[in-house]
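Have the picture open while you read.

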Amino acid sequence: MSPLYIARSNEIAARQLGDEMIVMSTRDSTLFSLDSVGLVIWQAADGRTPLEDIVKEKVCTEFEITPEEALKDAESFVRELAGHGIMRVSDKPLE
Amino acid sequence: MPTLIEEMNQRAIALGVPLGVQLDVTYRCNERCVHCYLDHDDHGEMTAAEICDVLRQLADAGTFFLTLSGGEVLMRMDFFDILEYARSLLFCVKIKTNAFMIREKQADRMRELGVDSVQVSIYSHRAEVHDAITKLPGSLKRSVAGIRFLQSRGLKVIVANVLMRQNLADYAGVKALAQELGAQWTIDPTITPMMDGDRSILGLGIGGEELKQVFRNGDLVGNVEEFCAPPRPVDDGDLDGLPCSASHTFCYISPYGDVFPCVQFPLPTGNVRKQKFLEIWRHSKQMNDVRSIRGRDLPVCSTCSHLGSCTRCPGLAYMEGNMRGPSSLDCEKSFTRTGIPSANMLAKKRQLEAQGNPEVAWTQLVHIQLS
């Protein structure tokens with residue numbers, strides 16, 4: 001399976017509120033609240049680090065979850081955000 | 001189940017975060033609306049650099065919803081520099097404008113910068129009525145053109161229809177115009193005193209029978225029976241509840257850097273030219289005084305049957321003389337909706353009766369209070 005690269009979109013409004021991140025799509029005004037796991041993935045979404053590495057290095061080290069389970073959840077999470085224009089997802093590194 | 005926005009508000013209250021801020025970038029305006037509460041002369045508004053510094057401070061304080069308003073925002077030649085900077089800080093930006101100066105270029109830029117929504121004031125679908133209110137010939141035509149440019153770029157536009165005597169007959173026309181434009185539509189029958197306390201413009205507002213007609217119109221209020229139902233019994237939640245978001249999750253900053261609890265709550269709490277925003281937000285005596293008020297602290301309103309459903313505005317109460325007192329305009333609304341007089345009105349009636357004036361009608365009481 002080819003690696004998945006993720007980057008935060010420019011078409012967002014976002015602010016950290018306590019230990020959660022509020023993110024709104026400026027495309028359709030959909031509002032998301034990212035919990036602590038989502039926040040870790042969000043902050044690591046630099047377009048260059050494969051999602052699998054983010055999950056292994058950032059998620060599995062901080063939360064009790066297997067890499068396989070975490071990767072499955074993370075893929076579903078980033079694809080949902082991508083559907084609202086909040087995250088960019090590609091099989092190639094992103095600018 | 002609470003919505004995400006409600007959850008965010010609760011979290012912001014718990015954390016002491018000013019989640020929403022309205023920043024007026026100027027009071028200058030190309031229109032001279034008859035009901036406007038502002039002085040349009042420039043008394044030394046903040047520079048773009050000063051505003052950007054405030055925006056940085058607001059982002060650090062956790063502000064998410066930023067409303068840029070005026071005056072007319074586009075009277076500032078540097079408005080798009082301010083907007084671009086605000087968006088670089090990832091605020092959810094809402095703009096209030098009359099749209100007179102919005103052409104293709106401005107609409108394109110707002111879309112590129114990811115503005116969340118643009119609210120445009122439209123008073124009538126008839127130019128002779130709208131333009132008489134704005135005192136700017138051709139303003140309806142230009143504002144509607146501006147809305148079309150915004151809509152065609154996919155921006156969310158909200159047509160705000162302030163109701164007053166001059167345009168009371170035209171709300172259906174404005175609603176139809178908004179629908180034709182693909183915009184949302186809101187009405188507001190509230191006319192507020194001038195920022196300097198001058199109450200002369202209140203006479204432009206609707207009241208009595210006119211307000212009753214509005215409140216009995218299903219097109220405007222939705223379910224009339226529900227909207228006009230007698231108030232439910234007051235409970236501890238109402239007595240311990242917060243009057244509104246002012247000073248809790250919201251505040252207002254003027255073009256001169258003055259910070260207030262809300263747009264229509266001219267209680268000075270500090271100035272960002274002299275102090276850091278967070279110092280004012282967290283430690284201003286006035287801000288904390290407003291923040292301390294609960295329903296049970298309102299000497300008259302805590303005894304009122306409307307407490308749990310009244311739209312009481314503490315800013316209007318402040319302008320009437322006491323931020324813990326009643327807001328007579330809201331007493332009038334509660335009475336007109338339900339036919340049940342407020343505690344404030346009952347007290348006023350008793351006072352007048354004691355003075356030998358037993359025949360004063362309920363509706364007159366409000367206007368006696370306001371005069």
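## A serine in a loop

Let's start with S29(A), which sits in the loop between β3 and β4 of chain A. Keep in mind that this is a predicted model. Most residues other than glycine have a negative phi.

Is S29(A) buried or partly exposed? S29(A) has 13 other C-beta atoms within 10 Å, and a residue needs 20 or more to count as buried. That is why S29(A) goes down as partly exposed.

## Chain A as a whole

Now zoom out. Chain A is built from 3 helices and 6 strands, and starting at the N terminus they come in the order β-β-β-β-α-β-α-α-β. Its radius of gyration is 13 Å, close to the 12 Å that the globule rule gives for 95 residues, so chain A is as compact as a globular protein of that length.

Of its 95 residues, 29% count as buried. Take the contacts in chain A between residues at least 6 apart in sequence: 51% of them link residues at least 24 apart.

## Two helices that cross

Look next at helix α2 (residues 51-59) and helix α3 (residues 67-83) of chain A, which pack at an angle of about 120° with their axes 10 Å apart. That angle makes α2(A) oblique to α3(A). The crossing is right-handed.

Which residues of α2(A) make the contact? They are L51(A), E52(A), V55(A), K56(A) and V59(A). On the α3(A) side you'll find P67(A), A70(A), L71(A), A74(A), E75(A) and V78(A). Sorted by class, this contact has 8 nonpolar and 3 charged residues, with no polar ones.

## Where chain A meets chain B

Here 13 residues of chain A are in contact with 14 residues of chain B. On the chain A side, β2 (12-17), β3 (20-25) and β4 (31-34) each give two or more residues. β2(A) gives the most, with 5 residues. By class, this side of chain A has 7 nonpolar, 4 polar and 2 charged residues.

## Two spots in chain B

L90(B) is in the loop between α3 and β3 (92-97) of chain B. L90(B) isn't a glycine, yet its phi is positive, about 65°. With 21 other C-beta atoms within 10 Å, L90(B) is buried.

Finally, the peptide bond from G70(B) to G71(B) is cis, with omega near 25°. Most peptide bonds are trans. G71(B) lies in the loop between β2 (65-69) and α3 (79-88) of chain B.

Note on methods:
Residues numbered from 1 in each chain as written. Chains lettered and ligands numbered in written order. Predicted model: local features only at pLDDT ≥ 70, side-chain atom pairs only at ≥ 80, totals over all residues. Helix = DSSP H or I, 4+ residues; strand = E, 2+ residues; numbered from the N terminus. Rg over C-alpha atoms; globule rule 2.2 N^0.38 Å. Buried ≥ 20, exposed ≤ 12 C-beta atoms within 10 Å, placed from the backbone. Contact = placed C-beta atoms within 7 Å. Axes fitted to C-alpha atoms, helices over the stretch in contact; angles between N-to-C directions. Parallel < 35°, antiparallel > 145°, perpendicular 65-115°, else oblique. Left-handed = near helix turned anticlockwise from the far one by under 90°. Nonpolar A, V, L, I, M, F, W, Y, C, P; charged D, E, K, R; others polar.
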